[in-house]
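Open the model in your viewer and keep the selection tool at hand. We will go from stop to stop.

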Amino acid sequence: MKRTVLAWGPPVLWALVLFFLSEFRSAPSIAAPLLTVPDKLLHFLLYAAMGASLAWARHTSGARVRHGFLVALGSAYGAADEWHQSFVPGRNPDVLDWVADVAGVVVGYFVVVHLLGRGRASRKPKHADSE
């Protein structure tokens, strides 16, 4: 149970951070540092972190969850986040923001999967060739 919470806690916490940012990004005191980054790049980077956290969770939990399911989950969260923004004063949903979210999830997820795979390959014992 502890391993599961430690593994899946980061993506859940990151989802809460993203919700918080969507809810309050229009408040100047909170948003000022974020507003200097181009909007689509910001979406990409924030959701790349989501994708990376999902890949890390899958790896550390040992769960046999399909990669496609986790990428779809992160992408669906991006869609839900855009929908949520339609209820926030001063925010508007944008399909291109969601496209940036999806691109971020995919890139973040598969970069971490690749890096973890390289680490696994370097830990495999090398077999001596018979002469």
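How many aromatic pairs does the count come to? The count comes to two. Keep in mind that this is a predicted model.

**Stop 1: the aromatic pairs**

Select W83 and F87. Their ring centres are 4.9 Å apart and their planes stand at 85°, so the pair is edge-to-face. The cut-off for that label is over 60 degrees. Both W83 and F87 are exposed.

Now select Y109 and F110. This aromatic pair is edge-to-face too, with 5.0 Å from centre to centre and 75° between the planes. Check the surface here. Y109 has a relative accessible area of 0%, so Y109 is buried. F110, at 38%, is partly exposed.

**Stop 2: the whole chain**

Zoom out and switch to a cartoon view. The protein chain holds five helices and zero strands. Along the sequence the pattern reads α-α-α-α-α. Of the 131 residues, 31% count as buried.

**Stop 3: helix α3**

Select residues 39-61, which make up helix α3. At 1.5 Å a residue, its 23 residues should span 33 Å. The end C-alpha atoms are 33 Å apart, which agrees. Colour the buried residues of α3: L42, H43, L46, Y47, A48, M50, G51, S53, L54, A55, A57 and S61. Then step just past the helix. There G62 takes a positive phi of about 75°.

**Stop 4: helix α4**

Select residues 67-85 for helix α4, which has 19 residues. From first C-alpha to last, α4 reaches 27 Å, close to the 27 Å expected at 1.5 Å a residue. Which residues of α4 are buried? They are L70, V71, G74, S75, G78, D81, E82, H84 and Q85.

**Stop 5: where α3 and α4 cross**

Show both helices together. The axes of α3 and α4 come within 10 Å and cross at roughly 145°. The crossing is right-handed. Select H43, Y47, M50, L54 and R58 on the α3 side. On the α4 side, select H67, L70, L73, G74, Y77, G78, D81, E82 and Q85, which these α3 residues meet. By type, the residues of this contact divide into six nonpolar, five polar and three charged. Look along α3 and follow the spacing of the selected side chains. An α-helix has 3.6 residues a turn, so residues three or four places apart point the same way.

**Stop 6: H84**

Stay in helix α4 and select H84. Is H84 buried or exposed? At 13% relative accessibility, H84 counts as buried; the cut-off is under 20%. Which residues does H84 touch, leaving aside neighbours within four places in sequence? H84 is in contact with F19, S22 and E23.

**Stop 7: D97**

Finish in helix α5, residues 95-123, where D97 is found. D97 is buried, with a relative accessible area of 5%. Show its contacts, again leaving aside neighbours within four places in sequence. D97 is in contact with D39, K40, H43 and E82.

Definitions and conventions:
Residues are numbered from 1 along each chain as its sequence is written. This is a predicted model: local features need pLDDT of at least 70, side-chain atom pairs count only at pLDDT 80 or more; totals for chains, interfaces and linings use all residues. Side-chain values use heavy atoms; hydrogens and water are left out. Rings of Phe, Tyr and Trp (its six-membered ring) pair if their centres lie within 6.5 Å; planes under 30 degrees apart count as stacked, over 60 as edge-to-face and the rest as tilted. Buried means under 20% relative accessible area, exposed over 50%, partly exposed in between (1.4 Å probe, protein chains only). Helices (H or I, at least four residues) and strands (E, at least two) are DSSP runs, numbered from the N terminus. The expected span of a helix is 1.5 Å times one less than its number of residues. Axes are lines fitted to C-alpha atoms, for helices over the stretch in contact, and angles run from 0 to 180 degrees between N-to-C directions. A crossing is left-handed if the near helix is turned anticlockwise from the far one by less than a right angle, and right-handed if clockwise. Contact means heavy atoms within 4.5 Å. Ala, Val, Leu, Ile, Met, Phe, Trp, Tyr, Cys and Pro count as nonpolar, Asp, Glu, Lys and Arg as charged, and the others, Gly among them, as polar.
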